[in-house]
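Good morning, colleagues. Please look at the display.

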Amino acid sequence: MKIGIAGTMESSDALITVRPSEKINIKVESTVFDYFGEQIKKTILDTLNELNIANIDVLCQDKGALDFTIKARLITAIERMKKSV
Amino acid sequence: MLFIPGNNPSMLQNSDVFESDSIIIDLEDAVNVMEKDSARNLVRCYLDNLKEKKAELVIRINGLDTTYYNDDLNQIICDKVDAIMLPKAHVADLKKLDEILTDLENQRKITKKIKIIPIVELAESLLEVEKIVFQNRVDGVLLGAEDFSSDLEVVRTKGGEEIFYARSRIAVSCAAAKIDAIDTPFTDTKDNIGLAKDCEKAISLGMKSKSCIHPNQIEVVNEMFSPSQKTIDWAKRILQAKIDADKKGLGAFSVDGKMVDKPVIERAQKIIKKAEKYHIL
């Protein structure tokens with residue numbers, strides 16, 4: 001099964017896991033979800049739009065990452081998923 | 001110059017709070033081979049997001065003897081990057097990197113010329129350092145003492161006797177090319193007294209700056225490598241005395257009871273220039 005994982009559970013980072021799906025499903029787990037949950041989802045969605053991806057499951061386990069980190073980890077996870085068998 | 005691991009979001013996002021003159025984002029030794037892709041994407045997104053730079057931005061790419069350097073350069077070259085640090089540098093590598101950078105600058109319409117800081121960390125690199133310093137784009141040379149000692153099969157010590165010759169040869173070569181000789185990091189991040197002694201030794205041999213591997217080292221390195229207020233005051237007195245002597249048509253003059261000649265005046269000018277560079281005038 002195709003899967004891509006990138007990032008870490010260290011502070012200021014995020015661990016992102018992606019799998020192919022029939023539509024976009026985004027799940028965010030974050031200690032600061034109440035404050036930044038929607039912003040994290042928006043960053044993920046914007047990045048998927050930039051990459052023209054409309055069929056993917058995204059799990060973001062956030063440890064206080066800034067937008068640029070979430071975007072970078074998502075891009076890497078997707079690249080790794082595409083390369084996985 | 002502070003090294004920051006390229007795959008560490010926390011260090012990257014806080015890089016502007018450190019008082020170093022340069023930030024070196026490391027894609028080489030600080031990044032595990034399995035995480036090179038992740039680090040490149042992180043640095044790329046960090047650069048895209050970067051609004052204002054407080055320090056010179058340098059990226060240490062992987063060496064030209066690896067399969068990673070092309071991806072490194074393709075991902076990170078943009079107008080926010082001031083210099084590329086090249087590990088295990090040789091003259092041939094520098095010529096090749098110059099060509100790649102020229103192509104990328106043209107393709108991406110980057111108007112400035114990105115500099116190169118080669119790392120001399122092999123015995124064979126040291127033997128061609130006199131040529132390395134005069135290569136296109138080269139703006140400074142860093143001594144990489146850990147790999148250099150390993151190449152020599154000698155033990156790296158705090159005293160640094162094993163790198164005396166390398167420091168001297170790099171310092172002289174850089175002085176000839178009028179570029180900065182950058183000293184190797186001091187690896188014991190908890191020994192700031194040892195760090196200060198190491199700086200003293202490097203300065204006495206002609207090294208002009210020093211790389212750091214921990215933010216705790218920046219204060220000591222800045223203090224050691226910046227001209228002291230006493231030195232700046234002396235340099236100002238020399239230059240003022242020169243102006244006064246010129247007005248009076250005097251060829252020779254003295255300051256503090258000592259004769260001042262051309263080399264002394266040039267030294268004073270360099271000190272003032274350095275103080276200006278470090279914004280401590």
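In this predicted model, 13 residues of chain A are in contact with 12 residues of chain B. On the chain A side, helix H2, residues 67-83, supplies the largest share, with seven residues. By class, the chain A residues that touch chain B comprise six nonpolar, four polar and three charged.

I turn now to a pair of helices within chain B. How do the axes of H9(B) and H10(B) cross? Helix H9, residues 192-205, and helix H10, residues 218-225, have axes that come within 10 Å and cross at roughly 30°. Since angles under 35 degrees count as roughly parallel, H9(B) is therefore roughly parallel to H10(B). Their crossing is right-handed.

The residues that meet can be named. From H9(B) they are Asn192(B), Leu195(B), Ala196(B), Cys199(B), Glu200(B) and Ile203(B), and from H10(B) they are Val220(B), Val221(B), Met224(B) and Phe225(B). This contact contains eight nonpolar residues, one polar and one charged.

Finally, the core. The largest nonpolar core has 83 residues, and those touching the most other members are Ile59(B), Ile84(B), Met85(B) and Val141(B). The element that gives the most to this core is H2(A), with seven residues. H2(A) also gives the largest share of the chain A side that touches chain B.

Let us take Val141(B) as an example. Leaving aside residues up to four places away in sequence, the contacts of Val141(B) include Ile117(B), Pro118(B), Val120(B), Val129(B) and Ile132(B). Also among them are Val133(B), Ile170(B), Cys174(B), Ala181(B) and Ile182(B).

Methods. Residues numbered from 1 in each chain as written. Chains lettered and ligands numbered in written order. Predicted model: local features only at pLDDT ≥ 70, side-chain atom pairs only at ≥ 80, totals over all residues. Contact = placed C-beta atoms within 7 Å. Helix = DSSP H or I, 4+ residues; strand = E, 2+ residues; numbered from the N terminus. Nonpolar A, V, L, I, M, F, W, Y, C, P; charged D, E, K, R; others polar. Axes fitted to C-alpha atoms, helices over the stretch in contact; angles between N-to-C directions. Parallel < 35°, antiparallel > 145°, perpendicular 65-115°, else oblique. Left-handed = near helix turned anticlockwise from the far one by under 90°. Core = buried A, V, L, I, M, F, W, Y, C linked by C-beta atoms within 7 Å. Buried ≥ 20, exposed ≤ 12 C-beta atoms within 10 Å, placed from the backbone.
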